[in-house]
Amino acid sequence: MTDNCPIITVDGPSGSGKGTISQLLATDLGFHYLDSGALYRLLALAAQRHKVLFDNVAGLSVLAAHMDITFEMNPEGGQPTVFLESEDVSTAIRNEDIGESASIVAAIPEVREALLQRQQAFARKPGLVADGRDMGTVVFADAELKIFLTASPDTRAKRRHKQLIGKGESDSLAALIDWVKQRDARDGSRSVSPLRPADDALLLDSTSLSIAEVFAQLRQEVKDRLSI
Ligand code: C5P
């Protein structure tokens, strides 16, 4: 996409493992990392705090374009630390309600437009791994390597269940399967940037693969296609 700045996009639904894989790839390659879902989550949190309602499209767009946010990469990998107006909100944005709200604001075309350039600004040398829903189809449509990672809804719900138990929270597996399906339906059916693989994306189903297996396959792909 840009001179000497290779871009790798990793799109897919919630629970496909795209966040973990993208962070591993970025760390291994020494690339920058964009967690675009965090931007939508930050907007949902900022809207809540500034009392901007979800039907206030103009207010949300202004907030999306101007909210004061910072991402701090963790040199050892893992999720970046995220700041909203200088406050560390890394945990606050991972809350379930914020995830729901993020998915609602993400369906508004003006909001997506307002966040487009902010996402594209993450493309810097030596390269970028960008994770989300429309990285390969819209935001970085010229990316050198596009990956679409998926897994069955049951598997994704089970992974989420395990994560919640790890955090001392719980939800029934049946409820999580419903939640995964509902989130997929909303993200896949919206009129703007619906979740779908780019025509030139490499599809990978991680249902019966471990993180290490997915990483090994994709790392090899990066070597073959980008010679790095
Ligand atoms: O990936 P994550 O679960 O953090 O994303 C939260 C929500 O943000 C998703 O459910 C989706 O609706 C939205 N999103 C999006 N486009 C992206 C990334 C996230 O619409 N590129």
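Predicted model: local features only at pLDDT ≥ 70, side-chain atom pairs only at ≥ 80, totals over all residues.

Visitor: What is the volume of the largest pocket?
Guide: The largest pocket has a volume of about 1100 Å³, and its lining is made up of 43 residues, with Ser14, Gly15, Lys18, Arg41 and Arg94 lying nearest its centre.

Visitor: Which element gives the largest share of that lining of the largest pocket?
Guide: That is H7, which supplies five residues. Several elements supply at least two residues each, among them helix H1 (18–29), helix H5 (109–120) and helix H7 (153–166).

Visitor: And how many residues in the lining of the largest pocket are charged?
Guide: There are 17 charged residues in that lining, alongside 18 polar and eight nonpolar ones.

Visitor: Switching to the ligand, how many residues surround it?
Guide: The ligand is surrounded by 16 residues, and the closest are Arg41, Arg112, Arg133, Asp187 and Arg190.

Visitor: Which atoms of the ligand are 2.8 Å from an N or O atom in the side chain of arginine 190?
Guide: It is an oxygen atom of the ligand that sits 2.8 Å from an N or O atom in the side chain of arginine 190. For arginine 112, an N or O atom of the side chain is likewise 2.8 Å from an oxygen atom of the ligand, while a polar side-chain atom of aspartate 134 lies 3.0 Å from a nitrogen atom of the ligand.

Visitor: Where does arginine 190 lie?
Guide: Arginine 190 is in the loop between helix H8 (173–189) and strand E8 (202–205). Its side chain reaches the backbone oxygen of valine 192 at 3.1 Å and the backbone oxygen of serine 193 at 3.0 Å. Leaving aside residues up to four places away in sequence, arginine 190 touches Ala106, Ala107, Arg112 and Arg133.

Visitor: Does arginine 190 count as buried or exposed?
Guide: Arginine 190 counts as buried, because its relative accessibility is 9% and buried means under 20%.

Notes:
Residues numbered from 1 in each chain as written. Heavy atoms only, no water. Helix = DSSP H or I, 4+ residues; strand = E, 2+ residues; numbered from the N terminus. Buried < 20%, exposed > 50% of the residue type's maximum accessible area, 1.4 Å probe, protein only. Polar contact = N/O pair within 3.5 Å; in protein donor to acceptor, adjacent residues only side chain to side chain. Contact = heavy atoms within 4.5 Å. Near = heavy atom within 4 Å. 1 Å grid on protein atoms, 1.4 Å probe; cavity = no way out; pocket = protein on both sides within 12 Å on 5 of 7 lines; lining within 4 Å. Points joined across faces, edges and corners; volume = space filled by probe spheres on them. Nonpolar A, V, L, I, M, F, W, Y, C, P; charged D, E, K, R; others polar.
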